[in-house]
Amino acid sequence: MNRLAGMTSPYLLQHADNPVDWWPWGPEAFEEAERRNVPVLLSVGYSACHWCHVMAHESFEDDAAAAFMNEHFVNVKVDREERPDIDAVYMEAVQAATGQGGWPMTVFLTPDAEPFYFGTYFPPEPRHGMPSFTQVLEGVRTAWVGRPEEVAEVAQRIVRDLAGRQLDYGKAGVPGPEELAGALLGLTREYDAVRGGFGGAPKFPPSMVLEFLLRHHARTGSEGALQMAVDTCEAMARGGIYDQLGGGFARYSVDREWVVPHFEKMLYDNALLCRVYAHLWRATGSDLARRVALETADFMVRELRTEQGGFASALDADSEDPVSGKHVEGAYYAWTPAQFAEVLGEDDGALAQAYFGVTREGTFEHGASVLQLPQDGPALDAERLAGIKERLLASRARRPAPGRDDKVVAAWNGLAIAALAECGAYFERPDLVERATEAADLLVRVHMDGSARLARTSRDGRVGPNAGVLEDYGDVAEGFLVLASVTGEGVWLEFAGFLVDLVMARFAAEDGSLYDTAHDAERLIRRPQDPTDTAAPSGWTAAAGALLSYAAHTGSQPHRTAAERALGVVHALGPRAPRFIGHGLAVAEALVDGPREVAVVGHPDDPARAALHRTALLGTAPGAVVAVGLPRAADGSGGEFPLLAERTLVRDLPTAYVCRHFVCARPTTELVDLADQLGAVRP
């Protein structure tokens with residue numbers, strides 16, 4: 001009996017009609033394995049994963065394979081986005097055993113949840129040196145029945161090895177200018193000076209490293225750091241990884257030139273990159289950066305926003321090919337010259353082919369091309385380009401659209417809230433601030449309980465069953481803190497305080513290091529603890545950033561101390577592995593710079609206060625926090641924002657105060673003076 005029909009996860013629901021007798025993760029599945037004396041087959045994936053779909057179609061929908069699985073295993077399906085803790089624990093084991101990882105992840109466990117055999121995608125027939133899925137099933141079954149002592153020994157050894165990987169970075173020391181300079185040097189060595197980005201194929205958008213580079217430039221004036229950020233952002237924005245028609249970024253590029261993407265679009269990638277391009281515009285005034293930031297923000301609102309006001313997790317890589325009727329990767333996004341001519345006519349079609357790099361040979365599959373903006377493309381006036389894009393978008397909208405995973409993940413919505421709030425403030429788009437506020441309202445109403453504990457996911461306004469993990473607390477707190485700075489509504493600072501207090505109480509070890517799960521979370525074979533920033537900020541570094549910003553807002557020394565101790569991981573890893581601790585490096589830049597604390601006071605209907613507030617938000621000083629409100633309250637307090645306490649008007653004019661390292665600059669009423677104090681580029 002397949003038990004997935006009642007789940008909230010779209011990924012699990014995709015497998016509800018499989019002939020496999022799937023169980024959701026839970027004690028009942030392992031009790032059944034114990035009762036039957038069979039191993040557990042754990043399959044982990046996510047809804048937008050192309051190879052997850054492939055393996056599902058080839059194996060999990062195959063009656064013969066399913067019958068063997070049902071007879072000899074208890075089969076458990078897990079959505080890695082709902083249960084990142086399970087995914088992290090077993091992915092660590094897969095990577096330790098095989099040297100690589102990815103999804104779908106296939107792990108065989110004892111009834112005690114101890115892993116003993118690992119893999120990712122297995123084909124239906126032997127291929128490229130890989131055994132077939134059936135061969136793997138038969139081999140595991142044979143070992144389980146014929147060599148049980150050996151299986152038990154392997155499982156116990158793996159669990160011991162994992163337990164020995166306990167991290168101790170809380171005593172590593174606070175990162176300073178030397179570690180940050182060492183990280184920049186390490187990035188310079190790995191930088192692709194021809195194509196932008198870091199490393200080879202596949203090439204992922206280095207959003208958090210780019211944020212570090214922008215902050216490092218703001219603090220030190222390093223032109224090399226800025227140039228790497230500028231060139232990488234332009235290369236990605238011109239490449240196929242960016243949707244040249246609808247905005248938004250795909251997950252990664254399969255080549256090192258950014259030409260052909262792996263087509264799924266993830267909320268976290270787009271939230272992070274939206275913010276990076278907005279910060280690049282803030283630093284340079286780049287028109288390209290402004291356009292991409294706004295197009296990405298509009299993409300998130302248009303295609304990922306749910307009816308309840310949150311943001312869906314992802315759009316699928318695959319969609320139905322109108323010609324073949326098959327679900328294939330990239331069918332929604334790729335174009336042929338003939339399709340251009342059909343939609344645009346001969347003249348505009350030929351011009352658009354050159355403009356978007358569409359060739360007869362194609363850059364993708366079957367003669368189709370992924371749209372790009374080649375450097376040597378023809379110039380088009382804005383009106384003609386807008387007309388071409390409008391017609392192409394209308395034609396694309398008639399194609400079968402990729403599926404959408406519409407569950408709301410707390411952490412990723414926190415990232416989206418921060419990005420949309422800042423874009424709304426920078427580009428004077430109050431609608432984007434409203435969308436950010438609505439998403440924050442949803443997190444409070446649906447995801448947060450009476451003790452301020454977060455649930456990981458919701459769907460259709462119904463909260464999911466899984467507890468929030470550290471990244472949820474860190475990223476949601478960050479989103480609330482940005483929203484507080486942008487809107488001047490202190491309630492968001494208060495909510496952020498609840499969350500960072502829970503981080504300190506429920507996720508921190510005695511040495512200051514952080515765990516991914518709370519002290520009272522479900523016990524797995526190992527308590528996950530991963531400080532590295534990969535696709536999104538790790539919970540560890542996200543929490544460190546939120547703790548630091550909250551401390552700057554409130555003057556709380558315990559929160560600052562907790563942030564400093566958590567940043568010991570950056571002291572240890574920054575110079576050695578800077579590509580994998582990018583968010584931590586960005587937070588460390590804020591720590592070294594202060595961060596600066598900005599208070600803007602004045603009457604809310606005074607345009608001069610609004611101008612000072614926007615100038616403060618446009619400051620490039622790393623991690624600066626901003627509070628805006630009325631002059632000091634009658635009791636001398638700052639009302640909802642501690643930074644506003646004792647702040648008065650100068651000459652009865654709206655006034656800004658900038659403080660740093662317990663020293664305050666002279667209060668100012670002048671935009672130019674405030675901009676100079678915060679390193680702002682005046683647009």
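Colleague: Which residue is the bridge partner of valine 44 in strand 3?
Modeller: Valine 78 is the bridge partner of valine 44 there. This is a predicted model: local features need pLDDT of at least 70, side-chain atom pairs count only at pLDDT 80 or more, and totals for chains, interfaces and linings use all residues. Residues are numbered from 1 along each chain as its sequence is written, and side-chain values use heavy atoms, with hydrogens and water left out.

Colleague: In what sense do strand 2 and strand 3 pair?
Modeller: Strand 2 (residues 40–45) pairs with strand 3 (residues 74–79) in the parallel sense, over six bridges. Two strands pair if DSSP finds at least two bridges between them. Helices (H or I, at least four residues) and strands (E, at least two) are DSSP runs, numbered from the N terminus.

Colleague: What is the strand order in that open sheet with mixed pairing?
Modeller: The order is 1-3-2-4-5, five strands in an open sheet with mixed pairing. Strand 1 (22–24) and strand 5 (115–119) are at the edges with a single partner strand each, so one side of each has no neighbour in the sheet. On average, neighbouring strands of this sheet are turned by 30° against each other, direction ignored.

Colleague: Which strands does helix 2 lie across?
Modeller: Helix 2 (residues 27–36) lies across strand 1, strand 2, strand 3 and strand 4 (105–109). Helix 2 runs at about 160° to strand 3. Axes are lines fitted to C-alpha atoms, for helices over the stretch in contact, and angles run from 0 to 180 degrees between N-to-C directions.

Colleague: Change of topic. Which residues touch the most other members of the largest nonpolar core?
Modeller: Leu213, Tyr277, Met300 and Phe480 do, in a core of 173 residues. Helix 15 (residues 410–426) gives the most to this core, with 13 residues. A second, separate core has 28 residues, among them Trp23, Tyr90, Ala93 and Leu162. A nonpolar core is a set of buried Ala, Val, Leu, Ile, Met, Phe, Trp, Tyr and Cys residues joined through side-chain atoms within 4.5 Å. Buried means under 20% relative accessible area, exposed over 50%, and partly exposed in between (1.4 Å probe, protein chains only).

Colleague: And phenylalanine 480, what does that residue touch?
Modeller: Leaving aside residues up to four places away in sequence, Phe480 touches Ile417, Ala440, Leu443, Val444, Met448, Trp492, Phe495, Ala496 and Leu499. Contact means heavy atoms within 4.5 Å.

Colleague: Is methionine 266 buried or exposed?
Modeller: Methionine 266 is buried, at a relative accessible area of 0%. Methionine 266 lies in strand 8 (residues 265–266). Not counting residues up to four places away in sequence, methionine 266 touches Tyr46, Ala48, Glu81, Arg251, Ser313 and Ala314.

Colleague: How many Å separate the C-alpha atoms of methionine 266 and methionine 300?
Modeller: They are separated by 9.7 Å, with the two residues 34 residues apart along the chain.

Colleague: On to helices. At what angle do helix 13 and helix 14 pack?
Modeller: Helix 13 (residues 337–356) and helix 14 (residues 382–397) pack at about 120°, with axes 11 Å apart. That makes helix 13 oblique to helix 14. Angles under 35 degrees count as roughly parallel, over 145 as roughly antiparallel, 65 to 115 as roughly perpendicular and the rest as oblique. The residues that meet include Phe340 and Leu344 in helix 13, and Leu385 and Ile388 in helix 14.

Colleague: How far apart are the axes of helix 19 and helix 22?
Modeller: The axes of helix 19 (residues 539–554) and helix 22 (residues 582–593) are 9 Å apart, and the packing angle is about 20°. That makes helix 19 roughly parallel to helix 22.

Colleague: Last one. How many residues of strand 17 are buried?
Modeller: Five of the six residues of strand 17 (residues 655–660) are buried, so strand 17 is largely enclosed by the rest of the structure. Strand 17 runs antiparallel to strand 15 (residues 597–601), joined by five bridges, and valine 598 stands opposite valine 658.
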